[in-house]
Amino acid sequence: MAISINIPSLLFPAISLLLLAYTNRFLVIAQIIRELHKKYLEHTDKVLIKDQIKNLRRRLTLIRDMQILGVFSFFFCVLSMIFIFYGRLDVGSYFFGFSLILLLSSLIYSLRELLISTKALDLELSKMELGRLTRF
């Protein structure tokens, strides 16, 4: 299959938006960690906070990894366009395929992080429901 320079260029907006979304996730996690640090210094029940720290550390690692994969996907997409521009369609096609694999990997990491974050929120909601039921 012949590949034109237009095909990799279609990924530019998608990858850029993904990287922006990943950065927003990172900023939210950073804010949560700062708030948790304040609670940790003030709170006496450090066991609950340590579980949250473990969860946030795992999510932070996943976000870092999905950002790295997204950046490399963008890099290889640009590299493929350079090779296609200079008439090296075979090399450009391989780099484009590799950029797609990296993008897919980044999306899988994003899905894993999303599942972890929703599970953590569900746990928090369950704890609040149990606390409310035992008070009455």
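Is R64 buried, partly exposed or exposed? R64 is partly exposed, with a relative accessible area of 45%, where buried means under 20% relative accessible area, exposed means over 50% and partly exposed lies in between (1.4 Å probe, protein chains only). The legends below treat this residue and several other sites in a predicted model, in which local features need pLDDT of at least 70 and side-chain atom pairs count only at pLDDT 80 or more, while totals for chains, interfaces and linings use all residues. Residues are numbered from 1 along each chain as its sequence is written, and side-chain values use heavy atoms, with hydrogens and water left out.

**View 1. The salt bridge between R64 and D65.** R64 pairs with D65 in a salt bridge whose closest N and O atoms are 3.0 Å apart, a salt bridge being a side-chain nitrogen of Lys or Arg within 4 Å of a carboxyl oxygen of Asp or Glu. D65, like R64, is partly exposed, with a relative accessible area of 22% for D65 and 45% for R64. By this rule the count comes to four salt bridges.

**View 2. The salt-bridge network of R25, R59 and E113.** These three residues are linked in a network of salt bridges. The side chains of E113 and R25 meet at 3.3 Å, N to O, and this pair links distant parts of the chain, since E113 belongs to helix α4 and R25 to helix α2, 88 residues apart. Helices here (H or I, at least four residues) are DSSP runs, numbered from the N terminus, as strands (E, at least two) would be. R59 and E113 also form a salt bridge, at 2.8 Å from N to O, and this second pair likewise joins distant parts of the chain, with R59 in helix α3 and E113 in helix α4, 54 residues apart. Both R59 and E113 are buried, E113 having a relative accessible area of 2%, whereas R25 is partly exposed at 24%. Side chains of opposite charge can pair when their charged atoms come close.

**View 3. S110 in helix α4.** S110 lies in helix α4 and, at 9% relative accessibility, counts as buried. Leaving aside its neighbours within four places in sequence, S110 is in contact (heavy atoms within 4.5 Å) with Y22, R25 and M66.

**View 4. The largest nonpolar core and helix α2.** A nonpolar core is a set of buried Ala, Val, Leu, Ile, Met, Phe, Trp, Tyr and Cys residues joined through side-chain atoms within 4.5 Å. The largest one has 15 residues, of which L11 and I15 touch the most other members, and α2 (11–42), α3 (46–85) and α4 (89–135) each supply at least two residues of this core. Beyond its neighbours within four places in sequence, L11 is in contact with C77, F96, S99, L100 and L103. Buried residues of α2 include L11, I15, L19, Y22, I29, A30 and L36. Helix α2 has 32 residues and reaches 47 Å from its first C-alpha to its last, close to the 46 Å expected at 1.5 Å a residue, the expected span being 1.5 Å times one less than the number of residues.

**View 5. The segment before α1, at I3.** I3 lies in the segment before α1 (6–9) and counts as buried at 9% relative accessibility. With neighbours within four places in sequence left aside, I3 is in contact with P8, I84, L89, S93 and F96. The C-alpha atoms of I3 and M81, 78 residues apart along the chain, are separated by 9.8 Å.

**View 6. The largest pocket.** On a 1 Å grid over the protein atoms alone, a pocket is an open set of points where a 1.4 Å probe fits, with protein on both sides within 12 Å along at least five of seven lines, and lining residues have an atom within 4 Å of a point. The largest pocket has a volume of about 760 Å³, a volume being the space filled by probe spheres set on the points, which are joined across faces, edges and corners. Its lining has 22 residues, of which Q52, N55, L56, A120 and E124 lie nearest the centre of the pocket. The elements that give two or more residues to this lining are α2, α3 and α4, and α3 gives the most, with nine residues.
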